[in-house]
Amino acid sequence: MIKINLNEEAIKNITEFLEKDLRSARTKGLMCRLKDEKNYTYLQTLYPYLYKKLYDDKSGKPDEQKIVQYLMLSRKELMDVIQILGPVTNNDCSQRLREIFDYEGFSNRQGLRNILRELGVRICPYCNRISVYTEKYSHGIKSNVDHYYPRAIYPYLSLSVFNLVPCCSYCNSHKNDLDCYKEPIIYPYEEEFGTDTFFYIRLKDCGSLFGVLEDKTKDIKVAIKCLNDEKRQKVMQQDSRLRLCAVLNDDDSDGYKESSYRGDIQKFIKNQSFLYAGRLKLTMATADSENDVFKTFIGECIERFEQNYEQSEWGNRELAKLYHDIAKQIKEEYNED
Ligand SMILES: [Zn+2]
């Protein structure tokens with residue numbers, strides 16, 4: 001939903017962490033495992049494509065530069081590899097590849113923590129609902145990491161950085177082994193909901209959002225609209241799989257959040273509507289000093305809101321995208337009146 005923005009400096013740092021982790025003899029990094037005779041023979045015989053991607057042609061030794069390149073494959077390149085190697089359905093092969101591309105070991109090392117820090121993801125890019133740092137470990141709090149292309153199906157991509165998406169525990173468990181090669185959702189390193197895909201509030205009994213101000217019984221429902229034909233399928237897949245709207249509408253009953261999302265959203269609509277209704281009242285009233293003060297207050301609130309929820313802030317605040325979209329809907333309603 002929200003794009004992960006990476007600059008060149010971060011990519012350079014990530015590459016350095018990978019190189020260091022790769023060579024680490026103490027933690028038996030990938031290099032050590034590739035040097036192992038049995039893994040070498042295994043890849044050469046059964047996965048010549050991978051062998052070529054990881055070893056020096058002439059010497060037959062693991063090639064550090066090639067390996068780093070392999071671990072930094074872009075989405076297009078990850079898809080190319082999948083196209084060639086396909087899903088790994090044989091249990092023994094899967095087991096062996098998972099041992100070679102050992103994610104469990106990697107995830108417990110400093111390298112992954114450094115990479116996560118460089119990625120700088122604070123709020124789950126899949127749902128924008130909650131912080132990604134939800135798991136407590138002995139070395140502090142650690143993020144959940146999803147494999148966009150699941151390692152249960154594509155174990156040879158277990159360590160590829162751009163297959164690793166820091167996310168919340170809810171999304172991680174609900175996405176589970178969804179095969180994003182066949183049924184993609186929005187890929188956060190390159191794609192986002194942006195402005196052509198947005199949340200909106202459906203009032204069951206029609207009427208305007210301003211009506212929520214006067215009528216407490218009005219029932220609201222959050223829905224998603226996507227105006228982009230190429231993205232629509234992915235967006236719908238993401239909504240249903242990660243239960244984006246269902247959770248916001250409190251239709252999900254697995255106790256993900258203690259208070260009600262719907263209650264928060266209702267409160268937000270009321271606050272926003274209040275600001276606009278107040279402004280409407282002001283434009284009709286004659287200006288006296290008291291009104292001027294009130295006017296300044298409302299103006300400041302709206303301005304602050306617009307700064308808080310502008311697109312560049314979506315990845316920094318929980319539900320920022322949702323609130324941005326609802327506020328826009330209210331503003332549009334206000335302008336129509
Ligand atoms: Zn999430």
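In which kind of crossing does H1 pass H5? The crossing is right-handed, a term used when the near helix is turned clockwise from the far one by less than a right angle, with left-handed for anticlockwise. This is a predicted model, in which local features need pLDDT of at least 70, side-chain atom pairs count only at pLDDT 80 or more, and totals for chains, interfaces and linings use all residues. Residues are numbered from 1 along each chain as its sequence is written.

H1 covers residues 8-23 and H5 covers residues 64-71. Helices are DSSP runs (H or I, at least four residues), strands are E runs of at least two, and both are numbered from the N terminus. The two helices pack at about 125°, with axes 10 Å apart. Axes are lines fitted to C-alpha atoms over the stretch in contact, and angles run from 0 to 180 degrees between N-to-C directions. H1 is therefore oblique to H5; oblique is what remains after under 35 degrees (roughly parallel), over 145 (roughly antiparallel) and 65 to 115 (roughly perpendicular).

Thr15, Leu18, Glu19 and Leu22 of H1 meet Glu64, Ile67, Val68 and Leu71 of H5. Contact requires C-beta atoms, placed from the backbone, within 7 Å.

Now take H16, residues 320-336. Its 17 residues reach 24 Å from first C-alpha to last, close to the 24 Å expected at 1.5 Å a residue, counting one less than the number of residues.

Across the chain there are 16 helices and 6 strands. The C-alpha trace spans about 85 × 35 × 35 Å along its principal axes.

Notes: Two residues are in contact if their C-beta atoms, placed from the backbone, lie within 7 Å.
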